[in-house]
Amino acid sequence: MKILVAIKRVVDHNVRIRVRPDGTGVETTGVRLSMNPFCKHAVEAAVQLAEAGQGAASPTEIVIVSVGPKAATDVILTALAMGAHRGILIETDADLETLAIAKLLAKVVDEEQADLVLLGKQAVDDDSNHVGQMLAALTNRPQATFASEISIVGPALEVTREIDSGRQTLSLPLPAIVTADLRLNTPRNAALPMVMKARAKPLAVRPVAEFGVDLSPRLVIEKINPPAERAAGRTLGSVADLAAFIADDIAQMEAL
Amino acid sequence: MRVLVLADHDAGLLAPATARIVQGATALGAIDLLVVGDDIAAIAQSAAALAGVAKVLTGKGSLAADGLAARLAALAGDYDYVVASAGSVGKDVMPRLAALLDVMPVTDIVTILGPTRFERPIYAGNAVQTVTDNQPRHILTLRASAFRPAATGNTADIEALDSDIASLVTLLANHRTLSDTPDLATAQIVVGGGVALGSAENFQLIEKLAKRLGAAVGATRAAVDAGYAPNDWQIGQTGKIIAPDLYIAIGISGALQHLAGIQGAKKIVAINTDAEAPLVKLADVALIGDLFETIPQLIAELDKRGVTH
């Protein structure tokens, strides 16, 4: 079995972001960047599936792919240290739209003939939540998004998804595309020997032009602004004051 | 301009989100509303009653993304816009549809500025993007909480589509959260609890206050991870986005990803022992105190005042 995991390098989720005053975007220079948290869950799921399949006739191979600048090799190395086998960086300095990313990944899926493609359900920078679903369309494969449990049952995949009304369990034939939600697993922190070992694993850096995909943007990002600020609040002295505030607020709602 | 809106439904009822998506989409053109599912006659009736709907289309089959996206792609030729709620179905199917049509979608829209201009939050709501979409066809998802519900009283025609929707995916089980509280994503009042509750049993205190106020119940990611509340109660960047008139946050310090889900709330009340907690700083009013003492006292005070909603 071959598992392809697509990952993204983003502004670290613990960094308090700063919107540039000229409206051109979010400041990313001099800011800590790391693997998107949802992508870490996808890598961990692949490693756990490989571990569960140990001793099978053919061992599972995990291939990591990312699209981004040369510096994005650091998140691929993180995934290799977690237990993946080899990496591919599709190198570009451009800030590509999700549709272009999905088209590039579709080429890699085609080259690699992966049985299962895992991705994070969304990246915490643009919060798009598109690429897995688009990749499934472009490769004509069934999809299970927002996965909180994955298991291989015979020739099929059983996936439990987190949805608006609770959870649902689906069965999908392989090959398939799955996107990871946060409760899928707890990603491991690679120990130092694994980090050292990762540097010896194959990592191909390939220029984006090699893939022959039209990358021109479809949307125009006019500007990026900070959200409206809320008015300063106050601290109440007693539970009675709070009840009065709530009663007053509900009275206003009912009046509308 | 012609608009196709995909309806959301759950447990045999039209989802409250759909009335809001219809209201939002009336700014774009005349709306046909598509209802897909297996026992949908009653849902189609509710859909036909929404103001702004020209026609309701019904299709048999599952909501699995592969079949549903193919169905929408076959219909899309007749429309300038295909629109869905940014809920779990819309998020699942619309990017797939967009890729089938070679269109870049615009998702999680909170403001429709014009026929091709939209605002959407990024970075967990810490920045807002203004996007122009000049493509010939537009694939959009709207955040239900950012729009008012459409009025009812309409009697649009209902037309059944002939072919069923096929999918490679089999639904094995639905694990539903049973609750008699209102829909979280569209509720007027929400009471949310954090890990400070300490257990699933204690979390019932949040539910008790919510019921007293006719409010929906929400939870932080940490409270859901700890097993105090089901996953569909999670509010935040990766859970539900809420925009109630009143949000009462209890024992919630205010992690960035939680704050992302509540920025649309008109009024925020925080109850916390820590006066320095980010959510206390953000709130319109805060009460510093132990939630296990203050919530029963608050319920008693509300009873004394005869507050109802």
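Helices here are DSSP runs of H or I with at least four residues, numbered from the N terminus, and their axes are lines fitted to C-alpha atoms over the stretch in contact, with angles running from 0 to 180 degrees between N-to-C directions. Before you click around: this is a predicted model, where local features need pLDDT of at least 70, side-chain atom pairs count only at pLDDT 80 or more, and totals for chains, interfaces and linings use all residues. Residues are numbered from 1 along each chain as its sequence is written, with chains lettered from A and ligands numbered from 1 in the order in which they are written.

**Stop one: chain A**

Select residues 98–112 (helix α3) and 131–138 (helix α4) of chain A; their axes come within 9 Å and cross at roughly 50°. That angle makes α3(A) oblique to α4(A), because angles under 35 degrees count as roughly parallel, over 145 as roughly antiparallel, 65 to 115 as roughly perpendicular and the rest as oblique. Now show side chains: Leu105(A) and Val109(A) are among the α3(A) residues that meet Val131(A), Met134(A), Leu135(A) and Leu138(A) of α4(A) (contact: C-beta atoms, placed from the backbone, within 7 Å). Colour that contact by type and you get 10 nonpolar, 1 polar and 1 charged.

**Stop two: chain B**

Jump to residues 65–76 (α3) and 88–100 (α4) of chain B, whose axes come within 9 Å and cross at roughly 50°. So α3(B) is oblique to α4(B). On α3(B), pick Ala65(B), Leu68(B), Ala69(B), Leu72(B) and Ala73(B); across on α4(B) sit Asp92(B), Val93(B), Arg96(B), Leu97(B) and Leu100(B).

Notes: Helix = DSSP H or I, 4+ residues; strand = E, 2+ residues; numbered from the N terminus. Contact = placed C-beta atoms within 7 Å. Nonpolar A, V, L, I, M, F, W, Y, C, P; charged D, E, K, R; others polar.
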